[in-house]
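Here is a friendly briefing to read alongside the model. Take a moment to look it over, then follow the points below.

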Amino acid sequence: MGLHGVKAVFFDLDNTLIDTAAAGRRAIEERPPRSLQVISALQSKHHYGEGEARAVCDKVQAKLLKECHDPAKMCITDLRISHWEEAIQETIGGEANRDLAAECYYLWKTTRLQHLTLAEDTRAMLTELRKGLRLLLLTNGERQTQREKIEACACQPYFDAIVVGGEQKEEKPAASIFHYCCDLLGVQPAECVMVGDSLDTDIQGGLNAGLKATVWLNKAMTAPVDTSPVPHYIISSVLDLPAVLQKMEHNNNAKLETDHMAGTNE
């Protein structure tokens with residue numbers, strides 16, 4: 001990229017570079033011969049009916065979607081074991097079963113991590129981009145959970161820096177964490193692009209921080225609600241990013257040429 005163009009790209013992790021949502025579903029639903037699978041374990045080992053086992057897992061998924069975690073009050077492991085404990089009790093009744101809840105949580109977590117992979121074509125894209133740009137991974141979330149995902153998908157070699165929101169004073173969409181990332185890479189906000197799937201955190205955060213551009217990964221190509229922040233670009237696959245960057249560079253060069261000609265005419 002040119003001197004006056006993009007110098008760095010910030011990538012979100014979950015459901016942008018890796019399909020965390022799909023990995024979570026597979027951890028619950030995948031059938032044998034894999035043994036690390038919650039529904040099978042509840043049926044075969046604990047004699048739950050399939051409907052009961054599925055109801056427990058559905059309740060946990062709902063709790064995860066609404067999860068609010070305060071690391072000062074409880075570690076993420078205890079919180080998520082509590083999700084399973086509550087879901088089991090809500091479904092089956094009786095006394096709370098912390099041991100079974102812990103077993104289910106670790107089965108789910110282990111299997112999910114096994115499915116968190118950085119696709120080969122994504123690896124190739126990052127490798128190519130890094131030849132001319134600085135790349136940074138910027139992910140919200142609890143420190144331990146996010147670091148385990150990063151380790152599982154082995155994405156560290158593709159980035160110049162990795163920033164986890166749970167390790168900072170503020171997470172996305174706060175401008176401060178984006179400016180911290182800029183300082184890490186030695187670049188200015190106006191030289192950076194943010195790529196992510198969340199309008200509320202990735203896109204709004206990039207806008208808050210004054211980045212050069214925001215790129216929204218909208219796999220379903222759904223229309224945002226009227227109150228949503230407006231991204232500069234929309235892509236349906238992260239693999240479309242290089243074409244967007246080329247377009248930005250072309251537009252930047254055209255502007256420089258226009259400015260130069262205007263200056264010459266004066």
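The side chains of Lys-109 and Glu-148 form a salt bridge, 2.9 Å from N to O (a side-chain nitrogen of Lys or Arg within 4 Å of a carboxyl oxygen of Asp or Glu). This is a predicted model, in which local features need pLDDT of at least 70 and side-chain atom pairs count only at pLDDT 80 or more, while totals for chains, interfaces and linings use all residues. Residues are numbered from 1 along each chain as its sequence is written, and side-chain values use heavy atoms, leaving out hydrogens and water.

**Two domains**
- The protein chain is split into domain 1 (8-18 + 118-263) and domain 2 (20-115), with bounds from an automatic or database domain assignment.
- Contact (heavy atoms within 4.5 Å) involves 9 residues from domain 1 and 9 residues from domain 2.
- Between them, the domains bury about 730 Å², 50% of it on carbon and sulfur atoms; this is the accessible area (1.4 Å probe) that the two parts lose on being put together, summed over both.
- Glu-142, Thr-145 and Glu-148 supply 45% of the area that domain 1 buries against domain 2, more than any other three residues.
- The count between the two domains is 1 salt bridge.

**Helix H7**
- In helix H7 (residues 143-153), a DSSP run of H or I with at least four residues, the buried residues are Thr-145, Gln-146, Lys-149, Ile-150 and Cys-153 (buried is under 20% relative accessible area, 1.4 Å probe, protein chains only).
- Seen down the axis of H7, these buried residues fall within an arc of 135° (taken from the directions from the helix axis to the C-beta atoms), so they line one face of the helix.
- Just after H7, Ala-154 has a positive phi of about 50°.

Technical notes:
Buried < 20%, exposed > 50% of the residue type's maximum accessible area, 1.4 Å probe, protein only. Helix = DSSP H or I, 4+ residues; strand = E, 2+ residues; numbered from the N terminus.
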